Amino acid sequence: MLNILSCTSQSKKDAADFFLKGNQALNQKNYAEAVRFYNEAIAKNADFSDAYLNKGISLLKMNKAEEAFDVLSEAIRIDPTLVQANLVRAETSLHLGRLREVRQDLQAIEKQYRDSTRYYLIKGDLLSAEGNSALAIPEYDKAVQLKSSNVEALVNRGAIYYNMHAYKQAKADFNAAVSISPLLPQALNNLGLIATKEKNWPLALAYFDKVLDADPSDPYSLNNKGYVLLQTGQAEKGKELISRSLEKLPENGYALRNLGMYYQLTGNIDLAVETYKKAIDLSEPVDMLYGLAGSAYWQQKNASEACRIWKQGIILKDSASIAEAAKNCK
């Protein structure tokens, strides 16, 4: 007896075949190929919500967050019970800075994801993005309790501790992340920054070099190593690395600050002022920036501008600005 397939059932079978091929490509991190297969699956079955979900995941991995958001929204429209699509859309909205929509998606799936490390990671990231870092820490705690190898939660919690100047806790989190993923650039860079704070220059360089050995163009490690070289009498080598960092990330406030430091160290005060101004115009929080900028204006004998910059720095709790303003400004 022959097996008779209708057009509809044959299309669904073809869609399932393309879906499985897409999943295989996704698992192999071949995201563009995965999207191609999921598109084939959707062409065969327009209501294939799982294909939309996995296509959205692939697009997010490709840093195509806007497209991913639309595709995930279609998955949810087709199947409102597909709560994983809400979770991935929440993560996508976070990338897009749509914080209200992140919260809406998380609230919609809170009960289903009470035991999900990913849910608490995204919730912690949301709170951190909203400026509620202290409230984010317990969410990262839950993420790590549910999965001790959640390196993103460890790194993000460590970053909050670092910004709170709780360096012991930050170091513990970054070391835990490195023990799981030895070449994780975010954790290695942050350990290097802590070593820099401690003025342990050889250790700091070792951390930054580990990242650069794996990726010689990493802009953060290039800049961070450049800063250490400025501090250890190797200004020209430092400037070369900072400039390479700025080629990759032209609007990195820390790299601009460090380039300004190079110009100030080498006596080119006008260029130092110009570069510090570029960093200030980015309106990013950058350690020591206002103190250094004010000192450059002071070297130009522009006391009024130096004091104006230092007073701005006082508002931002820049310790160098506080000290210089107290000494030089009435």
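Author: A pocket here is an open set of grid points with protein on both sides within 12 Å along at least five of seven lines. The model is predicted.

Reader: How much space lies in the second largest pocket?

Author: A volume is the space filled by probe spheres set on the grid points. For the second largest pocket, this space comes to about 550 Å³.

Reader: Which residues lie nearest the centre of the second largest pocket?

Author: The lining of this pocket is made up of 15 residues. Nearest its centre are Ile57, Lys61, Glu91, Arg118 and Glu152.

Reader: Which helix supplies the largest share of the lining of the second largest pocket?

Author: Four helices each give at least two residues to this lining: helix 1 (7-27), helix 3 (49-61), helix 5 (83-96) and helix 7 (117-129). The largest share is five residues, and the helix that supplies them is helix 5.

Reader: How many helices and strands are there in the protein?

Author: The C-alpha atoms fill a box of roughly 95 × 35 × 35 Å along the principal axes. As for the elements of the protein, there are zero strands, and the helices number 19.

Reader: What percentage of the residues count as buried?

Author: A residue is buried when its relative accessible area is under 20%. The protein has 330 residues, and the buried share is 47%.

Technical notes. Residues numbered from 1 in each chain as written. Predicted model: local features only at pLDDT ≥ 70, side-chain atom pairs only at ≥ 80, totals over all residues. Heavy atoms only, no water. Buried < 20%, exposed > 50% of the residue type's maximum accessible area, 1.4 Å probe, protein only. 1 Å grid on protein atoms, 1.4 Å probe; cavity = no way out; pocket = protein on both sides within 12 Å on 5 of 7 lines; lining within 4 Å.
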